[in-house]
Amino acid sequence: MAIGEKNVMVIGGGIAGIQASLDLANRGFTVHLVEKSPTIGGRMAQLDKTFPTMDCSICILSPKMIECARHTRIKLYTYSEVVGLKGSVGNFHVKVLKKPRYIDEAKCVGCGTCTEKCPVKVPSEFDMGLGMRKAIYMPFLQSVPRMVTIDPERCLYFTKNVCKVCEKFCTSKAIDFKQKPAEMDLSVGAIIIATGFDLFDASIIPSLGYGKYKNVLNGLELERLLCASGPTRGELVRPSDQREPKSVAFIQCVGSRDKRFGYPFCSSICCKYAVKNAVLIKQHKPDTEVCIFYQDLRVFGKGFQEFANRSKSEYGVKYIQSSPGEIRERSETGNLEVWFEDTVASEVRSHEFELVVLSTAIAAPKENQGLAKILGIELDPYGFILAKNAVTGIFDTTVEGIYGCGYCIGPRSGDVPDSVMQASATATRVAEVLTSLE
Amino acid sequence: MKYSFYIGCLIPAMEPGYESITRKVLPSLGLELEDIKGANCCAPFSIQSLDYYGWLVLAARNICLAEKMGHDMLAICDDCFESFTAANELLKKDKEARDKVNALLSDIGEEFKGLIEVKHVLEVLHEDIDLIKMNLRNPLDKLRVAAHPGCHLVRPKAIHQRIRLGFDVMDDLVTAIGAKAIDYPQKDMCCGGPLRGVNDEISRRISREKLKALKAAGVDCVATVCPFCFRQLDLGQVEVKRYFKEDYSLPVTHYMELLGKAIGLKFTESELADHKVPVERILG
Amino acid sequence: MSEVQSQEKRDKVSPVVQGFMNEVASSPRGEGILYCYQCGRCSGGCPVSRIVSKHNPRRLMEKIILGFKDEVLSTDLPWYCLSCFTCVDRCPQGADVGEVMFAIRNIAVSQGNVPKGLVEQARNLLSSGQVVPLTHLAIEKRRKLGLPKIEFAPPEVVQNLLKKTRLGKLA
């Protein structure tokens, strides 16, 4: 095999990207894992627990992240993006742009002193805007690679030519304000895209109050509040007053199964994570009133219906088959008045909740648009990667040699094992294609 | 800009003050109004409930008259606007319906051609919002206004494709005359007017809920752009007082009146006579 | 013409009519009924349901789907609708209860079921060409305000226009 053919690029360092990288590296391929954020880990790092086993998400993820970092055949390019592509299967030439961290990667030991001293606080993307990070930061404690990054749009040195406190206190002399972006040309035989997903922005539905009312959150925001590494150290407190909510409502199908906003499909994962989070809340504080407003409870697969049943019998989670029509805020308390029809009693009424969590549709990550243009692949009408054959070739994109796995090809049954399974299947596919080119 | 002006039947009969003010305000902003002569009922939702083709031919005949005049139609009532826009968009798109309607129209020598647009005065004013700002002589500083655009302005399906007349449009117009547009949770709620004559009890309970929300928002007045909504919220307060013993004393104005005052016009007593809740404080 | 009956006062259950849903789906403005998946968002936003909680849009759609034709067409159920289109705004499937309501009402009228208040409106329309007629008092008020004389369509034109429609045959 020519040099290029033994090399594979994986774009996206979430669980799918990590799994595909490990599978291919273990088979003897050299993997170039490109991730746009400063660390690999993706959405799974943001989750508190995974269902239905209720394992700590980061605890199962970080060993794999470290394995990636240490693997002799995996080259990590974090804080980097794919900017150009030439060639064809077996012989791709990919241009990768490494954005400047303004940190000498060889010197930074991840001690965190600079972060402590930095005076600038910025809403943390990792914490979904519910917590703060600094202008010099590590997205989360288990970041891989374990080093900081300077955000030039917020750093006082870059914006106002003052400060430089980080440089003053760094004992490793790792700060390098003069660092430039670096462009690399990588020769690879195949490319796997694993760019994950974004969440539908529910503020486009005014009747639900997302974006307007402080105590209306989406699923990922709730995960960050429940997570021990989150902005509230795992205390479920509501954004408006930092008090623990006595009642929480989950609203399913927000954006999904809806012809109006571009997500007419079922997002597959939301009923499952709502049940999981409902149980988590009950485990935190058993006397919290937790209601899930659902249309259909889609918890398919081994273990899930049982989990949903236990949530009712053991934890007392309430289920109401109804999609609420309106949410109104009581401005004095920040509580939400949820108007719905109790479809069993055929009665329209309202119930006050202290916190509302919207299970929003799974959306294609915005990066897919730009990436599709660079790679020459087609996207489906929802922005997910279009499969060459929806039945027998779901991991194949419309360009030979380029594949997709995980959420970026669309939500399927959706949970973490599913993404892992897809990643392994895609890795096998790539290995098959590349070895057959010999 | 010239418009085929459709006045409807409620306004001439019951709110001539609103008509008089409209006929002063719009021309002073450069909007020329040419009355549609010989217009018939627009076929509002109540008539639409009775018969589909009955609605379409009634609406279509008026559109034909406007087409012959050669200008877009201007409506100052939400119900008229809804009926015409829905009919206009439908007849433009659906050939089968158009053929059937034209067959009926031919009995009176008319033909729907799909040549014009139907506009509500709110969208016309918003399109030329700078005109208002330029003519602002008397900004309504510190006036807290709650906008009530009305259901048939913001929600008919027919306008979803064209423009989505959001509540922001009306808020923009309130801000443009120097007043403060106050947000409140039930802004998109119906006034309850359509159930008048069918079930007055539910109708007044709905207007009461709306009035309660408006009062709770702490506003100086409510602005409407539909004579039905106006009547329901203004005259409706008399009823709410009688049946629920609740006195809101909330001035309800037509946006046109606030606009008129802001551009320096003065109104006569008889022009403001339609108001049941006194408005001297706001418009005097 | 028979008066619509109060749905709450009826004491017999309506027999099921197969195909009623399809009849509604093929009536003008009734197409949406096919897409309803009974989520209840319409009811959650309906101003009428907040006051009379059993009169809710989802339930009406359910009755149509299940084929309770008689109950839907001969009671006051569909006439409680404000046609405020809040349900249309909320519906994720384009089932658009507010539109289906018009189809139901049209069918009900064709079978002779109309609330009294609306019959009067229809009669006004056919005799004067307007739903709200111009009284002498109103004409006097207009004259005092210096408003132009209103020229409405002659009632004969309206009657002629409507003679072949159901509306024309109503009064």
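## Backbone features and architecture

B:Lys142 sits in the loop that runs between α8 (129-134) and β5 (144-148) of chain B; helices (H or I, at least four residues) and strands (E, at least two) are DSSP runs, numbered from the N terminus. This is a predicted model, in which local features need pLDDT of at least 70, side-chain atom pairs count only at pLDDT 80 or more, and totals for chains, interfaces and linings use all residues. Residues are numbered from 1 along each chain as its sequence is written, while chains are lettered from A and ligands numbered from 1 in the order in which they are written.

The phi angle of B:Lys142, which is not a glycine, is positive, near 70 degrees. B:Lys142 is exposed, because 9 other C-beta atoms lie within 10 Å; a residue is buried with 20 or more other C-beta atoms within 10 Å of its own, exposed with 12 or fewer, and partly exposed in between, the C-beta atoms being placed from the backbone.

A positive phi also occurs in chain A, at the non-glycine residue A:Met54. A:Met54 has 14 C-beta neighbours inside 10 Å and therefore counts as partly exposed.

| Residue | Phi | Loop |
|---|---|---|
| A:Met54 | about 60 degrees | between β3 (49-50) and β4 (55-56) of chain A |

Chain A also contains a cis peptide bond, with omega about 0 degrees, between A:Val144 and A:Pro145. A:Pro145 belongs to the loop between β10 (136-137) and β11 (149-150) of chain A.

Ten helices and 24 strands form the secondary structure of chain A. Chain A is as compact as a globular protein of 438 residues, because its radius of gyration is 23 Å, close to the 22 Å given by the globule rule; the radius is taken over C-alpha atoms, and the rule is 2.2 Å times the number of residues to the power 0.38. The C-alpha trace of chain A spans about 70 × 55 × 35 Å along its principal axes. Of the 438 residues in chain A, 50% are buried.

An automatic or database domain assignment divides chain A into domain 1 (3-99 + 181-197 + 364-436), domain 2 (113-169) and domain 3 (201-361). The contact between domain 1 and domain 3 of chain A takes 13 residues from domain 1 and 20 residues from domain 3, two residues being in contact if their C-beta atoms, placed from the backbone, lie within 7 Å.
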